[in-house]
Amino acid sequence: MLSNDHRSDVLDCLANLSSDEVFTPPRIVNFMLDSLPVNLWEDSKIKFLDPSSKSGVFLREITKRLLIGLEKKIPDLKERLDHILLNQVYALSLTDLTGNLSRRTLYCAKKANGKYSITNKFNSEQGNVIFRESNHIWKNGKCSVCGANKAIYEKEDGLEKHAYEFIHSEKFFKEKDMKFDVIIGNPPYQLETGGSGRQATPIYNKFVEQAISLKPRYLCMITPSRWYSGGMGLSDYRKNMSKDRRIRKIVDFTNSKDCFPGVSISGGVNYFLWDRDNPGKCEFISNHHERTTNLKRYLDEFDFIIRNNDALNIIRKVNNKNEKTLSNIVSSIDPFGFKTSFRGNPKSDRYTIEIFHSNGSGHVERKEIKQGLDKLDTYKVMLSQTTSEHAGEPSKDGKYKLFSKIKVLKPNEICTFSYITIGKFKSKKEADNLKRYLETKFARFLVLQTISSIHITKDKFCFLPEQDFSRELDDNFLFKKYKLDKDEIEIIENTIKEMSS
């Protein structure tokens with residue numbers, strides 16, 4: 001039998017709805033609640049809202065804290081519980097199913113006014129955990145609010161539409177004439193767009209933006225961390241969030257499994273605290289492979305939010321030289337106009353141009369090449385467009401390899417969409433030296449600071465300076481050139497694998 005110190009929690013045992021609608025473990029919920037001021041729990045007037053309730057765990061843990069905090073103000077337990085449930089704790093559920101589950105968690109009954117409910121103060125079955133069907137607002141086949149694809153999400157009655165009321169309707173707030181002091185939760189992460197492959201558009205940013213528009217005193221949400229440096233359509237969101245001095249705390253997990261056991265979320269996850277009335281520096285707490293660092297800083301120092309506190313001084317030292325960056329000589333995606341699936345033809349007098357793809361190489365005619373012609377007769381470096389690790393996550397030892405394939409292409413050699421190219425040189429020596437540069441731990445460490453998903457694009461080289469590629473380059477030379485100290489070198493060595501490993 002387990003002791004009282006090791007009692008299991010049923011809300012730790014729920015299967016997730018999907019990788020995009022993840023049940024929040026009670027442990028993480030309490031970490032998030034710990035970030036709020038402790039005096040909130042003694043305030044009988046403060047109102048909490050979970051705008052995306054799934055299991056009801058936020059509601060339950062909030063209620064538990066209020067029951068303790070309000071004991072002196074409302075000594076009678078039944079009166080205190082009734083007051084909290086009726087006046088302080090609210091939620092919008094994502095679906096009818098999660099609404100029932102949330103009420104079961106909070107009221108101990110599916111119906112708030114039912115026989116088994118722990119309060120008899122409600123006149124409605126839903127109580128303060130509301131689910132109402134909302135509708136997408138279709139325009140040119142897309143929802144103008146969340147970007148959902150009409151063909152995918154306009155389903156028969158009774159099937160989930162993912163038209164979440166918090167971002168599609170303000171009726172709830174207008175009807176209640178209510179303002180919330182704290183908005184807290186774990187919103188859904190993305191919706192399929194119906195594009196090529198399995199493209200999806202982020203939706204968590206819509207929940208954050210809507211919550212901020214309601215001007216609560218505090219906002220605390222857990223979301224993917226892809227917005228730091230990437231994510232479809234997140235440029236404005238990233239810019240606004242990084243400049244918002246009201247974001248006073250971010251707790252970041254590079255490996256999502258450290259937060260959500262068994263769930264892999266590309267680029268990791270984070271939760272943040274937004275404090276309306278107390279702007280200032282953000283306390284950024286980075287959790288990476290059993291190492292936690294804590295630093296108060298502004299988030300908009302660079303175009304990307306740097307999630308590794310240890311990397312900041314290294315990037316600053318490199319930037320202080322004001323050199324051009326490698327982004328200037330990196331191709332856009334699809335450098336020669338051939339799809340990933342293209343395999344080419346056997347070599348012949350007709351098919352003379354060799355094209356490299358993910359499974360080897362084939363050949364094409366010179367006249368088939370419609371773009372990237374300026375690189376055709378040069379030496380250049382071919383680099384995989386995706387990271388070697390799953391979504392840029394480290395291996396078990398916490399180290400990254402990052403680049404999965406690097407190859408020098410000679411004149412009359414090109415590649416498919418699977419790769420990008422860097423540089424265009426007259427001599428093979430320069431291309432070889434660029435390849436060696438990209439293989440250094442120094443170079444891969446700087447690129448790593450911009451990675452938040454599996455994709456590598458030209459903007460990810462914005463911290464990596466160009467070099468004189470007429471000479472060979474190695475880590476020792478680069479460490480000396482940028483005057484990195486022993487601790488900074490050790491950070492790079494402990495973060496990046498050898499390319500041969």
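This is a predicted model: local features need pLDDT of at least 70, side-chain atom pairs count only at pLDDT 80 or more; totals for chains, interfaces and linings use all residues.
Reader: Where does Ser-55 lie?

Author: Ser-55 sits in the loop between strand S1 (48-53) and helix H2 (57-69). Those labels are DSSP runs, numbered from the N terminus: helices are H or I with at least four residues, strands are E with at least two. Residues are numbered from 1 along each chain as its sequence is written, and side-chain values use heavy atoms, with hydrogens and water left out.

Reader: What makes Ser-55 buried?

Author: Buried means under 20% relative accessible area, exposed means over 50%, and partly exposed is in between (1.4 Å probe, protein chains only). Ser-55 comes in at 3%, so it is buried. A polar atom of its side chain also lies 3.2 Å from the backbone nitrogen of Val-57.

Reader: What makes the pairing of His-288 with Thr-254 a polar contact?

Author: The term covers a pair of N or O atoms within 3.5 Å; within protein, one must be able to donate a hydrogen and the other to accept it, and residues adjacent in sequence count only if both atoms are side-chain atoms. The side chains of His-288 and Thr-254 make such a contact at 3.0 Å. His-288 itself belongs to strand S12 (residues 282-288).

Reader: Why is the pair Asp-300 and Arg-245 called a salt bridge?

Author: You need a side-chain nitrogen of Lys or Arg within 4 Å of a carboxyl oxygen of Asp or Glu. For Asp-300 and Arg-245 the N to O distance is 3.3 Å, and the pair counts as a salt bridge. Asp-300 is in the loop between strand S13 (291-297) and helix H10 (312-319), Arg-245 in the loop between helix H9 (235-243) and strand S10 (247-253), so the bridge ties together parts 55 residues apart in sequence. At 24%, Asp-300 is partly exposed, and so is Arg-245 at 29%.

Reader: How many salt bridges turn up in the whole structure?

Author: The search finds 24. Among them is Arg-291 with Asp-310, whose closest N and O atoms are 2.9 Å apart. Arg-291 is in strand S13 and Asp-310 in the loop between S13 and H10, 19 residues apart.

Reader: How do you know that Lys-481 and Glu-323 tie together separate parts of the chain?

Author: Their closest N and O atoms are 3.0 Å apart, in a salt bridge. Lys-481 lies in helix H14 (residues 475-481) and Glu-323 in the loop between H10 and strand S14 (353-357), so the two parts joined are 158 residues apart in sequence. Lys-481 is partly exposed at 23%, as is Glu-323 at 26%.

Reader: What makes strand S16 mostly covered?

Author: In S16 (residues 379-384), 6 of its 6 residues are buried. Tyr-379, Val-381 and Leu-383 point one way, and Lys-380, Met-382 and Ser-384 the other. In a regular strand, side chains alternate between the two faces of the sheet.

Reader: How do you know that S16 pairs with S17?

Author: Pairing calls for at least two DSSP bridges between two strands. S16 and S17 (residues 406-409) have 4, in the antiparallel sense, and Met-382 has Lys-407 as its bridge partner in S17. S16 is also joined to antiparallel strand S19 (residues 419-425) by 5 bridges, with Val-381 opposite Ile-422.
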